[in-house]
2 protein chains.
Amino acid sequence: MRQIDVCLTPELLHLYPVEGKVVVVVDILRATSCMTTGIAYGVSKIIPVATLEECAALKKQGCITAAERDGKKADGFDIGNSPFSYMEESMRGKTVAVTTTNGTLAISKCKTARAVVIGSFLNRAAIIQYLKNQPYDVLVVCAGWKGKINLEDTLFAGAVVEGLKEDFFIEHDAALASLALFRQAKGNMRGFLNTCSHVRRLKNLDIDKDIDYCLSMDEYDVIPILVGDALVLNEEVLAENGVVKK
Amino acid sequence: MRQIDVCLTPELLHLYPVEGKVVVVVDILRATSCMTTGIAYGVSKIIPVATLEECAALKKQGCITAAERDGKKADGFDIGNSPFSYMEESMRGKTVAVTTTNGTLAISKCKTARAVVIGSFLNRAAIIQYLKNQPYDVLVVCAGWKGKINLEDTLFAGAVVEGLKEDFFIEHDAALASLALFRQAKGNMRGFLNTCSHVRRLKNLDIDKDIDYCLSMDEYDVIPILVGDALVLNEEVLAENGVVKK
């Protein structure tokens, strides 16, 4: 039986071999919600990079640059980390270089996996269907906050575990804890998260609209997948669905 | 306001400075439950050591030796990791050297804290009262399982957070997640844990009675505290209570 496991922060990744597995990277607020949105709205490629310097270098090569540090847009870049920026008509067909506090680091640490896909509540159902249809073990990697766990990524991990639990064996307690938390929260995720440190942090930045959007479920059927250094639309998904936005 | 935080596994301790804080180390199944029991039953000192070799060396110095690896008693030592071993009359007044898979390592990593105390469900209420009565920030350090989180230690962390939440500020999501899980589980902890990987692992070892005992609440008023290299009965507690076993 295939296995599903959850790595609650990239700081624990050395305990979770990714080789041979499909890794789902999640950074609900807001990196992977942005990536899902961008691919759904026709962005051609998203190149996640670890540093502001790498991001700036890609601007010279014609990329649109998206850079966030500590929840805020970094100076000198085109956009920050709001998913609504990715809905602009001007983004269609473009390549975006993106660096964020947590999410892009998590992606770069998982590059040796069999496949790396991008998960968010926005494409939850599509991700679950994709994982069910493929033959490999699954590891959900939460981006967390500066090495520590965060609740919103843990809840998404629990949502994936809930979706796969009939078909996959749950190996460890992190997956069970995530599942228990998601079951507790899913009727009122915003209420559950309103007490959280990261949500409190972001509330101070006045991005309430972003948070509500990032917690909305199953908006898009797209699965951003890492090919080389860039996230692109999973072609199988494209082929199957024709139009990717619901 | 004092802060309460939770480190879900010793692998994340580099993110949680312990200096100036009171650290509560927890390894419910079964190291810190044993330590609580031993101190409650009159064991004089418990010396946690990281390796089997150190433990064997202390046998030559007259210690009773307790050694566990992967849930089982290690060959050549006096006792394993069952709390009932610590209730024997022959243990009273003795010094016990102990090494376990997870718990003793967690203790050794926290030695630079202002104080290191031993927590378990068995002394939950006493620990909460002690933490309320002292002026420092609190960090609960879960021993986990080989670097990963486990649910039973996380639940205990949640129990401590619940007990302190009126008097302490909850800084990060690990504490909130622990609290949410404990609230969900506390009505039926054994039922909640029966699905857990570590409980499943221990069930294979036929220690059902140990597990039920380790989940019983508020049995003892003792607080084992680290003084030098050994855990001893917190003298203030002894002075206040006279008789320590309820």
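## Helix packing within chain A

In this predicted model, helix α4 (residues 124-133) of chain A packs against helix α5 (residues 151-164) of chain A at an angle of about 45°, and their axes are 10 Å apart. That angle makes α4(A) oblique to α5(A). The crossing of the two helices, α4(A) and α5(A), is right-handed.

Five residues are listed on the α4(A) side: Arg124(A), Ile127(A), Ile128(A), Leu131(A) and Lys132(A). They meet Ala159(A), Val160(A), Gly163(A) and Leu164(A) in α5(A). By class, this contact of α4(A) with α5(A) holds six nonpolar residues, one polar and two charged.

## The contact between the chains

Chain A and chain B each put 23 residues into their contact. On the side of chain B that touches chain A, the elements giving two or more residues are α5 (151-164), α6 (173-185) and α8 (197-203) of chain B. Of these, α6(B) gives the most, with seven residues. The residues on this side of chain B divide into eleven nonpolar, eight polar and four charged.

## Helix α6 against helix α6

Helix α6 (residues 173-185) of chain A meets α6(B) across the two chains. Their axes come within 10 Å and cross at roughly 75°. Angles from 65 to 115 degrees count as roughly perpendicular, so α6(A) and α6(B) are roughly perpendicular to each other.

From α6(A), the contact takes Ala177(A), Ala180(A), Leu181(A) and Gln184(A). From α6(B), it takes Ala177(B), Ala180(B), Leu181(B) and Gln184(B). Six of the residues in this contact of α6(A) with α6(B) are nonpolar and two are polar. None is charged.

## The nonpolar core

Which residues touch the most other members of the largest nonpolar core? They are Val25(A) and Val25(B), in a core of 180 residues. In soluble globular proteins, nonpolar side chains tend to be buried together.

Leaving aside residues up to four places away in sequence, Val25(B) touches Thr32(B), Ala106(B), Ile107(B), Cys110(B), Val116(B), Ile118(B), Gly119(B), Val141(B) and Ala143(B).

## Arg2 of chain A

Arg2(A) lies in strand β1 (residues 2-7) of chain A. Is Arg2(A) buried or partly exposed? Arg2(A) counts as partly exposed, because it has 16 C-beta neighbours inside 10 Å.

Arg2(A) and Gln134(A) are 132 residues apart along the chain, and their C-alpha atoms are separated by 9.9 Å. Not counting residues up to four places away in sequence, Arg2(A) touches Tyr136(A), Asp137(A), Val138(A), Asp167(A) and Phe168(A).

## Cis peptide bonds

The peptide bond from Leu29(A) to Arg30(A) is cis, with omega near 10°. Arg30(A) sits in the loop between β2 (22-26) and α1 (31-40) of chain A.

Chain B has a cis bond joining Leu29(B) and Arg30(B), where omega is about 5°. Arg30(B) is in the loop between β2 (22-26) and α1 (31-40) of chain B.

## Positive phi in chain B

Lys146(B) is not glycine, yet its phi is positive, near 50°. Lys146(B) belongs to the loop between β8 (138-142) and α5 of chain B. Lys146(B) is partly exposed because 15 other C-beta atoms lie within 10 Å.

Asp218(B), also a residue other than glycine, has a positive phi near 55°. Its place is in the loop between α9 (208-214) and β10 (224-227) of chain B. With 14 other C-beta atoms within 10 Å, Asp218(B) is partly exposed.

Conventions
Residues numbered from 1 in each chain as written. Chains lettered and ligands numbered in written order. Predicted model: local features only at pLDDT ≥ 70, side-chain atom pairs only at ≥ 80, totals over all residues. Core = buried A, V, L, I, M, F, W, Y, C linked by C-beta atoms within 7 Å. Buried ≥ 20, exposed ≤ 12 C-beta atoms within 10 Å, placed from the backbone. Contact = placed C-beta atoms within 7 Å. Axes fitted to C-alpha atoms, helices over the stretch in contact; angles between N-to-C directions. Helix = DSSP H or I, 4+ residues; strand = E, 2+ residues; numbered from the N terminus. Parallel < 35°, antiparallel > 145°, perpendicular 65-115°, else oblique. Left-handed = near helix turned anticlockwise from the far one by under 90°. Nonpolar A, V, L, I, M, F, W, Y, C, P; charged D, E, K, R; others polar.
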